[in-house]
Each structure stands twice: as structure tokens, then as C-alpha cells.
Amino acid sequence: MSTLKSKYSLNERDIQPSQVKQDEGWREINIKWLLSEKTVGIKSAVLYKTVVKAGGAHEKHLHHKADEMVYIISGKGRHGLSDEEWDIGPGDAYLNPRGMVHWTYGTDPNDPLILVGVYAGAGSLEDTGYEFVERLEKA
């Protein structure tokens, strides 16, 4: 049963996980494109939800045409941006400016990383100018 209330509203239960590919930098990640050009017609932003288990990672990549804002709901992990890397957990928020290499990975097998994010300036992953850069040496 769909929980759609209007053409601009949806429920996460109605969205299937994206079939992202490991050879494009997505390792054991469950990501759902919630609000996007495909789901509600917006061309200027994408809202997504991601679950990253320990051992899972969104490896080094960048977006040429969009900024990315992320908020951590729960879990533990690490995030890197350019030449920095730090621990992330519930309540943390960060910006990945367009054109800067960044990555995220889960670290706790008992506490998967759950986050929501927004690509600002694009209505789909493809429109962000996504580019996979390289695999992580650790994670």
C-alpha cells in the first residue's frame, strides 16, 4: 500500500534501495533517493537516506556540479574531506563542497551508520557530476 499523500510527498517505505555499484565506489551501502527529479520532479536538489554497515564505504569521490550536506542520525563511522578524516556519529553534520574529494565508511559492527543528505544544485546523482576517484586503503 502506497503512503503517497500528494505528488510532492512520499514515505521511505515506498522507495526501493538504489542499485549502486561497487566498481563506482559504493561498497555495501544501502541508499534510497527520497526526494529527487525522478520521485517528485525537483531539479535543484536530492534528499537521500543511507545505511552504512561496518566494512561498508562510499569510497573517494567528488561531485563537480553540486554541494553535499549530510546529517548523521545514528551509528558510528569516519568521514574524510580532502586531506582530513574524522570520527562521525549522531548529531554530526558536515558539508562536502563541490569539487572536493570526500568519503565515508562505517566502523562499528553493532551500530551501522545511518545518515540523510542533500545534493544541492542537482536533481539526480548523475546531475551532480559524480566522479569515483579511488578506493580507500583502510575501512
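## Salt bridges across the chain

D67 and R98 pair up through their side chains in a salt bridge, with N and O 3.5 Å apart. D67 sits in strand β3 (residues 67-74) and R98 in the loop between β6 (93-96) and β7 (102-106), so this contact ties together parts that are 31 residues apart in sequence. Keep in mind that this is a predicted model. As for solvent, D67 is partly exposed, at 25% relative accessible area, and R98 also counts as partly exposed, at 40%.

How many salt bridges does a search of the whole structure find? The search turns up nine. Here are some of them, including the one just described:

| Pair | N to O distance |
|---|---|
| D67 and R98 | 3.5 Å |
| E12 and K32 | 3.7 Å |
| R27 and E59 | 3.4 Å |

Now for R27 and E59, whose closest N and O atoms are 3.4 Å apart. This pair links distant parts of the chain, with R27 in strand β1 and E59 in strand β2 (residues 45-63), 32 residues apart. Are these two residues buried or exposed? Both R27 and E59 are buried.

That leaves E12 and K32, which meet side chain to side chain in a salt bridge of 3.7 Å, N to O. E12 lies in the segment before β1 (26-35), while K32 is in strand β1 itself, so the pair ties together parts that are 20 residues apart in sequence. E12 is partly exposed at 30% relative accessibility, whereas K32 is buried, with 13% relative accessible area. There's a further partner here, too: K49 joins E12 and K32 in a network of salt bridges.

How values were computed: Residues numbered from 1 in each chain as written. Predicted model: local features only at pLDDT ≥ 70, side-chain atom pairs only at ≥ 80, totals over all residues. Heavy atoms only, no water. Salt bridge = Lys/Arg side-chain N within 4 Å of Asp/Glu carboxyl O. Helix = DSSP H or I, 4+ residues; strand = E, 2+ residues; numbered from the N terminus. Buried < 20%, exposed > 50% of the residue type's maximum accessible area, 1.4 Å probe, protein only.
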